[in-house]
Amino acid sequence: MVDTALEPAPVRVANASIFLATLVAIVVLIGVLLSFDLFLARIDRQESSAHAASEYAAGGALLHSGHASDAVDHFSAAVAIDRSNVNYALALAEGMLQQGRTTEAEATLRTLLDRAGNDGAVNLTMAHAMIREGRMGEAKAYFHRAVFGRWGADSVSDRNQARFELIDFLAQHGTQRELLAELLPFEDAPADSVALRRRLGNLFISAGSPARAADMFREVLRRVPNDADAYAGMGEAAFALGNFRTARADFAEAARARPGDTHIEARMALADTVLALDPTARGVASNDRLTRSRALLARTLSAVTACGGPATAAADSARVLVAPSLAPAASLRAPRDNSDAAAEAMMSLTIELWSARPAACAATARDALRLVVSRIAQ
């Protein structure tokens, strides 16, 4: 065995250099192999990501064209490749909803909400799922979370879209107060947003705020003076406010702007009917007022009786006032003082009958009787 201490100095230096060079070579080789491995992994991830994106894009195209079942297959493949992508899982849930697999869609969405509970798009899709399941209260809550949730770069547009979905939902399933609360943020919509103001005007009428609706339509007419829809909207707002002559004039303007429109013509005819029936119209003489009050009472009695209204004292009194010959002997008699007092009595009885009508007597906004009774009750 050679004692290295006895080796000449040049030999010892040469051996150390060889060892160091070997060590460096090994380290470099390890680095090269590691870099190559990372490179291959990156290539694999890129290919996987591209594959997932391709599956997602294919699913989106199929879903858009109405092929939900095929779309779900592609979305499922995208999720299997990249489970961390919220958009892929969200698209899968949307596809399931369109396919009618509501329970599975809800389960997918709940998993997403565990990860991204404040995501606006996920909450909006969950609201759609709740509607499909008939769970309207929960749907309303998810709509609200969507409106105030986190969105992407175009958050204002997405948030407004979510709010309008909530507004449309409340117009069918909510109260007027809830609907009005969601509409108020849009009250200061830009004046040049003609289509938006038309839409808001109609919604404000549904929300029980016809004055705001009239403001919306009035602004539209400033921008588009002969806009038939705006004039018709003004007519509807006037109807809701009980201004029947104004409504008639507005519908006439709408008919001039769009001749032959059967809907506008029908609304104008309704205004004529209401004006002829209204006992409180300006310029109506006392005798005519009494005649109109009796006709209105008769019409109300007939409507309430037809939908199963109970036999009440008010109904008996109404029969006496409308047709005394049909009343029982013990019934109340019509007022014998002046015509105005008799007309007032008949209108009071009309309001009483209408207020006590059964739920089956729900009238629509197109009903002349409802409009006139609402007017005299104000």
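The chat below walks through a predicted model of one protein.

Visitor: What kind of model is this, and how are residues numbered?
Guide: This is a predicted model, in which local features need pLDDT of at least 70 and side-chain atom pairs count only at pLDDT 80 or more, while totals for chains, interfaces and linings use all residues. Residues are numbered from 1 along each chain as its sequence is written, and side-chain values use heavy atoms, with hydrogens and water left out.

Visitor: What is the mean pLDDT of the protein?
Guide: The mean pLDDT is 82, and 79% of the residues reach 70 or more; pLDDT is the predictor's confidence in each residue, from 0 to 100.

Visitor: Which helix has the lowest mean pLDDT, and which the highest?
Guide: Among the elements, helix α1 (residues 9-64) has the lowest mean, 67, and helix α12 (residues 244-257) has the highest, 96.

Visitor: Where does pLDDT stay under 50?
Guide: That happens over residues 325-337, for which the model has 13 contacts beyond four places in sequence, a contact being heavy atoms within 4.5 Å. Where pLDDT is low, the predicted coordinates should not be read in detail.

Visitor: How many helices and strands are there?
Guide: The protein has 17 helices and 0 strands; helices (H or I, at least four residues) and strands (E, at least two) are DSSP runs, numbered from the N terminus.

Visitor: Changing topic, how much of the protein counts as buried?
Guide: Of the 378 residues, 37% count as buried, where buried means under 20% relative accessible area, exposed means over 50%, and partly exposed lies in between (1.4 Å probe, protein chains only).

Visitor: Which residues have the most contacts inside the largest nonpolar core?
Guide: They are Leu109, Leu183, Leu200 and Phe239, in a core of 84 residues. A nonpolar core is a set of buried Ala, Val, Leu, Ile, Met, Phe, Trp, Tyr and Cys residues joined through side-chain atoms within 4.5 Å. Not counting residues up to four places away in sequence, Leu200 touches Phe164, Leu183, Phe186, Ala189 and Met216. Apart from this core lies another, of 9 residues, among them Leu290, Leu297, Ala342 and Leu349.

Visitor: And Ser293, buried or exposed?
Guide: Ser293 is buried, with a relative accessible area of 0%, and its place is in helix α14 (residues 286-306). Leaving aside residues up to four places away in sequence, Ser293 touches Pro279, Ala343, Met346 and Met347.

Visitor: What about Ala171, where is it found?
Guide: Ala171 is found in helix α7 (residues 155-173) and is partly exposed, with a relative accessible area of 41%. Ala171 and Ala207 are 36 residues apart in sequence, and their C-alpha atoms are 7.6 Å apart in space.

Visitor: Which residues line the second largest pocket?
Guide: The lining is made of Leu63, Leu90, Glu94, Leu97, Gln98, Ala121, Leu124, Thr125, His128, Arg132 and Trp151. On a 1 Å grid over the protein atoms alone, a pocket is an open set of points where a 1.4 Å probe fits, with protein on both sides within 12 Å along at least five of seven lines, and lining residues have an atom within 4 Å of a point.

Visitor: Which elements give two or more residues to that lining?
Guide: They are α3 (86-99) and α5 (120-132), and the largest share, 5 residues, comes from α5.
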